[in-house]
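Here are a few exercises to work through with the model open in your viewer. Try each task before you read its solution.

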Amino acid sequence: MNPEDWEERYYQIGCKLIGLACTHLLEDLDEKLFMSHPVDHRVVGFRSRTLVTRFGDITFNRRLYIDNEGNY
C-alpha cells in the first residue's frame, strides 16, 4: 500500500462497511413491516431496490404487496 493513499483506502473500506450495515438495517425493517402488514395485503414477491447515498449505492430486497382490489 502506498503511504499517500491510506486515507482514501480506509475511506473506501468505511463506506463499504456502512453500506453493508445499511443493507441489513433496511432488510430488517422490511421484515418488521411484514410481521405487521394488513391482513388484506399479500406478498407477491420481492423487488431489488437501490438507494444512492453519500457513501455509495445501497441495493437491498424488499417485499411487494398487493391488496384485495389489486393495488400494489
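Predicted model: local features only at pLDDT ≥ 70, side-chain atom pairs only at ≥ 80, totals over all residues.

Residues are numbered from 1 along each chain as its sequence is written, and side-chain values use heavy atoms, leaving out hydrogens and water.

**Exercise 1.** Find the helix that holds I13, and check its length.

*Step 1.* I13 sits in helix α1, residues 6-35. Helices here are DSSP runs (H or I, at least four residues) and strands are E runs of at least two, numbered from the N terminus.

*Step 2.* The expected span is 1.5 Å times one less than the number of residues. For the 30 residues of α1 that gives 44 Å, and the end C-alpha atoms are 44 Å apart, so the two agree.

**Exercise 2.** Work out which residues of α1 are buried, and what covers them.

*Step 1.* C15, G19, T23 and D30 are buried in α1.

*Step 2.* Their cover includes β1 (41-53) and β2 (56-67).

**Exercise 3.** Track down the salt bridges of R63 and say what they join.

*Step 1.* Set the rule: a side-chain nitrogen of Lys or Arg within 4 Å of a carboxyl oxygen of Asp or Glu. By this rule, the count comes to two salt bridges.

*Step 2.* R63 pairs with D30 at 2.6 Å, N to O. R63 is in strand β2 and D30 in helix α1, so this pair ties together parts 33 residues apart in sequence. Both partners are buried.

*Step 3.* R63 also pairs with E31, at 2.9 Å, N to O. That one links strand β2 to helix α1 across 32 residues.

*Step 4.* Compare the burial: R63 is buried at 12% relative accessibility, while E31 is partly exposed at 33%. Put together, D30, E31 and R63 form a network of salt bridges.

**Exercise 4.** List what F34 touches beyond its sequence neighbours.

*Step 1.* F34 also belongs to helix α1, and is partly exposed at 28% relative accessible area.

*Step 2.* Skip neighbours within four places in sequence, and F34 contacts V43, R63 and Y65 (contact: heavy atoms within 4.5 Å).

*Step 3.* F34 and R63 are 29 residues apart in sequence, yet their C-alpha atoms are 7.9 Å apart in space.

Technical notes
Buried < 20%, exposed > 50% of the residue type's maximum accessible area, 1.4 Å probe, protein only.
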